[in-house]
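Hi everyone, thanks for coming. Let's have a look at today's structure together.

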Amino acid sequence: MDLLTATSLPASQPRPTHVKVDLDAITHNYNALQLHSGVKVMAVLKANAYGHGIGVVARHLEAAGASAFGVAYLEEALLVRALGVKTPILVFGGVVTPQIPDFLRHDIQLAASSVEKLEHINRVAAELGVRAKVHLKIDTGMERIGTHYYNCGPLFDAAKHCTECDVEGVYTHLANADSEDLAHTHVQLERFNTCVSALADTLGFMPVRHVANSAATIGLYAAHCDMVRSGQALYGALPAPHLAGRVPLKAALEWQSSVVFFKVVKPGHPVSYGSTWETERNTRVVTVPVGYADGYPRRLSNQGEVVIRGKRYPVIGRVCMDQIMVDIGDDEAWNGDPVTLVGPGLPVSDVARLADTIAHDILCGISARVPRFYHRSGQPVQP
Ligand SMILES: *Cc1c(COP(=O)(O)O)cnc(C)c1O
């Protein structure tokens with residue numbers, strides 16, 4: 001380990017704040033999503049597998065037979081490859097042209113989002129004497145990356161002429177699949193289907209069509225096409241309350257800490273920075289060693305809840321960098337009692353709602369300072 005660039009050293013007993021990942025839950029969710037959709041499932045591993053640990057999750061899912069992986073950046077794909085994982089990996093993000101050789105050398109699939117990018121990929125593949133595997137990216141209403149649906153003809157023609165490229169897929173991304181109102185989603189689907197109907201004629205075959213994120217995988221059969229791309233649902237997070245009960249998902253992650261300090265605060269005494277909360281009566285307050293530097297959102301100041309001894313209690317005052325305070329009223333808690341930040345009795349979707357954000361933001365926000373521990377068949381496993 002390089003001490004100069006490390007941020008801490010392990011102690012003989014770790015600080016109590018940690019994440020516990022149940023690998024069985026991830027395979028359970030993968031299989032449930034496959035059963036529900038009836039098509040291939042691409043497991044989305046970006047952002048450190050939504051905080052669950054990209055290396056361990058990639059290895060685990062490959063061993064479980066996952067057919068495809070998706071990540072955001074080339075560097076994430078390189079890590080997965082460096083671990084010896086052979087499963088196809090697509091990088092969703094816009095191709096950074098100087099990185100094309102790295103994609104090709106490591107057999108990583110590229111999102112071909114414009115004629116120019118596609119032709120660039122083709123030239124580099126010719127220079128290196130290798131095949132490039134591409135997924136044509138159509139923009140049907142997200143306005144992020146991709147060729148506009150009304151310009152897909154030239155992209156498809158270019159794909160036909162890019163002799164060093166294997167067109168493995170064609171896809172688009174939905175902007176509103178988690179909404180109860182699916183009007184825009186149907187418009188996007190219609191645009192995509194119209195677009196790709198010409199592709200088989202141009203190429204002489206139909207590559208793998210994929211559209212659905214977790215929300216559309218759960219809620220919209222029409223979007224399943226040949227493959228779905230699932231991130232949050234794979235980790236057991238429900239994309240929206242109205243999608244509950246359709247696919248049996250298990251939360252894969254628990255974020256735990258423990259009580260490190262207990263006190264009684266007298267009436268009229270404010271708690272934490274800025275004195276934004278004040279006791280009205282004698283109350284018991286415990287301190288928990290987690291803060292915004294661990295990714296516990298500062299937005300949870302006076303909004304958050306934690307579970308101690310099976311009961312939810314409010315986070316009072318501002319979330320500090322490394323600590324939070326919790327009001328347990330007249331109840332009992334002892335130093336060392338476990339505190340659930342995300343887990344049984346407190347699903348990540350609830351925490352996200354309290355922080356006025358989405359589950360992704362909470363999960364991938366859990367910082368590198370928080371150690372991850374893994375479990376399989378109820379037993380701890382050493383990654
Ligand atoms: C992140 C991402 C997904 C997965 O989204 P979830 O809502 O987490 O399932 C799918 N497709 C693309 C292109 C993405 O960027």
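Which residues line the largest cavity? They are Lys 137, Ile 138, Asp 139, Met 142, Arg 144, Ile 145, Thr 172 and His 173. Before I go on, this is a predicted model, where local features need pLDDT of at least 70 and side-chain atom pairs count only at pLDDT 80 or more, while totals for chains, interfaces and linings use all residues. Residues are numbered from 1 along each chain as its sequence is written, and side-chain values use heavy atoms, leaving out hydrogens and water.

On a 1 Å grid over the protein atoms alone, a cavity is a set of points where a 1.4 Å probe fits but cannot get out, and a pocket is an open set with protein on both sides within 12 Å along at least five of seven lines; lining residues have an atom within 4 Å of a point. Volumes are the space filled by probe spheres set on the points, which are joined across faces, edges and corners.

The largest cavity holds about 30 Å³ of space. The largest pocket holds about 850 Å³. Its lining has 37 residues, and Asp 178, Asn 213, Gln 232, Ile 358 and His 360 lie nearest the centre of the pocket.

Which helix gives the most to that pocket lining? That is H11, with four residues; this helix covers 348–354. Helices here are DSSP runs (H or I, at least four residues) and strands likewise (E, at least two), numbered from the N terminus. Strand E10 (227–230) is also among the elements that supply at least two residues each.
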